[in-house]
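Visitor: I'd like a guided look at this model, one question at a time. Please show me the sequence and the fold, and then I'll start asking.

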Amino acid sequence: MRRPVDVGDPDRLYTVTGGRSRSDGSSFDLVTLIVAECEPAVGQQSEHARILELCRHPTAVVEIAAELSLPITVVRILLEDLQATGRITPRHPRVAASATLPDSALLTEVLHGLRNL
Amino acid sequence: MGSATSELPSSRTPLRDTAENGLKIVVVGGFGVGKTTLVRSVSEIRPLNTEEVMTQAGAGVDEMPESTGKTTTTVAFDFGRISLNDRLVLYLFGAPGQKRFWFLWDRLFAGTLGAVVLVDTRRMDESWYAIDRLEHHGTPFVVAVNRFDDDSARHSLEEIRAALALPAHVPLIECDARVRSSGKDVLITLVDHLHHLARERELTA
Ligand SMILES: Nc1nc2c(ncn2[C@@H]2O[C@H](COP(=O)(O)OP(=O)(O)OP(=O)(O)O)[C@@H](O)[C@H]2O)c(=O)[nH]1
Ligand SMILES: [Mg+2]
């Protein structure tokens with residue numbers, strides 16, 4: 001399924017991120033939930049404003065990317081901008097991003113949730 | 001931007017404000033095996049589509065423009081969401097299973113609870129790579145056979161297990177990806193399996 005915005009367009013990526021091509025790390029997981037700490041402001045970069053709107057309620061990084069039709073990589077850069085100025089708070093996933101399994105208590109909770117669907 | 005209540009398109013269902021921990025499960029499999037169908041049947045939102053633009057340098061890459069030493073690839077994947085309770089949200093990712101997407105997998109698998117390998121018995125060879133890769137990663141997984149109506153062979157699960165060289169401890173089940181309860185059973189089988197593994201480890205630790 002193709003989407004209308006060609007997110008691979010280098011010019012658009014350049015504009016959105018101010019020329020930066022990479023974020024400085026893996027600070028935002030795909031499922032990190034982002035919460036806005038303030039309302040969008042007049043004159044703000046439109047992508048920043050859109051993120052603050054979406055994140056009035058917790059919203060995963062991957063959902064922000066889908067809603068804005070932007071690649072994850074670009075969204076991470078935008079989120080770093082917003083975090084640097086205290087306008088969002090990330091709720092990071094609490095499953096170790098290592099080879100170890102999550103503990104059984106968490107998995108029991110997941111099982112309950114699934115069975116109640 | 002109108003009033004506060006028209007803040008979001010009506011198609012978007014926001015998470016509860018108490019949501020705080022995002023979990024991941026990956027569904028992998030070959031083209032047209034039913035990944036999106038499975039995600040859709042269990043998701044509380046219409047599956048969304050997004051992209052990773054990956055710039056890679058180095059080993060394992062087919063095309064390497066001499067000028068930059070880098071190549072950029074765009075990979076699309078879709079995902080759905082299940083709110084498990086006030087705090088926990090499970091995201092399901094449908095990922096293409098072909099070898100050339102290995103770099104996407106490395107990203108998706110980081111911190112994932114586990115994976116579902118979706119198999120079409122008419123094209124079983126497409127599952128090999130996914131299974132091999134998951135074992136290599138140490139990512140726990142289950143295998144779900146998505147039965148298509150025009151599958152005349154109707155291999156038994158034992159035959160499929162043998163054909164995939166699947167170890168006895170890996171759960172293997174049948175499903176119909178179009179049916180919500182069936183999709184739900186696949187997820188429960190996976191999390192049950194993960195729970196067993198976690199209990200085993202905790203008891204021997
Ligand atoms: N008979 C039958 N058809 C199915 C089943 N699951 C999926 N399909 C159909 O198979 C087709 C492909 O399903 P998708 O869910 O799009 O498969 P996919 O793995 O996401 O495909 P790609 O993303 O293109 O690789 C669709 O037309 C589905 O309706 C099933 O369990 N039984
Ligand atoms: Mg699909």
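Predicted model: local features only at pLDDT ≥ 70, side-chain atom pairs only at ≥ 80, totals over all residues.

Visitor: Before we go on, what pLDDT do side-chain atom pairs need in order to count?
Guide: Residues are numbered from 1 along each chain as written, chains are lettered from A and ligands numbered from 1 in the order written, and side-chain values use heavy atoms, leaving out hydrogens and water. Totals for chains, interfaces and linings use all residues, local features need pLDDT of at least 70, and side-chain atom pairs need pLDDT 80 or more.

Visitor: What pattern does chain A follow along its sequence?
Guide: Helices (H or I, at least four residues) and strands (E, at least two) are DSSP runs numbered from the N terminus. Chain A has five helices and three strands. Read in order, they give α-β-α-β-α-α-β-α.

Visitor: Within chain A, how are α2(A) and α4(A) oriented to each other?
Guide: Helix α2 (residues 46-54) and helix α4 (residues 72-84) of chain A pack at about 75°, with axes 10 Å apart. Their contact is made by A:Glu47, A:His48, A:Ile51 and A:Leu52 on one side and A:Leu78, A:Leu79, A:Asp81 and A:Leu82 on the other. The two helices are therefore roughly perpendicular.

Visitor: How many residues of α3(A) are buried?
Guide: Buried means under 20% relative accessible area, exposed over 50% and partly exposed in between, with a 1.4 Å probe and protein chains only. Among the buried ones in α3(A) are A:Val61, A:Glu63, A:Ile64 and A:Leu68. The helix is mostly covered, and the count of buried residues is seven of eight.

Visitor: Which residue's side chain makes a polar contact with that of A:Glu63?
Guide: A:Glu63 sits in α3, residues 61-68 of chain A, and is buried at a relative accessible area of 2%. Its contacts, beyond neighbours within four places in sequence, include B:Arg12, B:Phe79 and B:Arg81. A polar contact is a pair of N or O atoms within 3.5 Å; within protein, one must be able to donate a hydrogen and the other to accept it, and residues adjacent in sequence count only if both atoms are side-chain atoms. At 2.4 Å, the partner of A:Glu63 is B:Tyr91.

Visitor: What is the C-alpha distance between A:Cys55 and A:Ile34?
Guide: A:Cys55 lies in the loop between α2 and β2 of chain A and is buried, with a relative accessible area of 0%. Leaving out residues up to four places away in sequence, A:Cys55 touches A:Ile34, A:Val35, A:Ala36 and A:Ile64. A:Cys55 and A:Ile34 are 21 residues apart in sequence, and their C-alpha distance is 6.1 Å.

Key: Contact = heavy atoms within 4.5 Å. Axes fitted to C-alpha atoms, helices over the stretch in contact; angles between N-to-C directions. Parallel < 35°, antiparallel > 145°, perpendicular 65-115°, else oblique.
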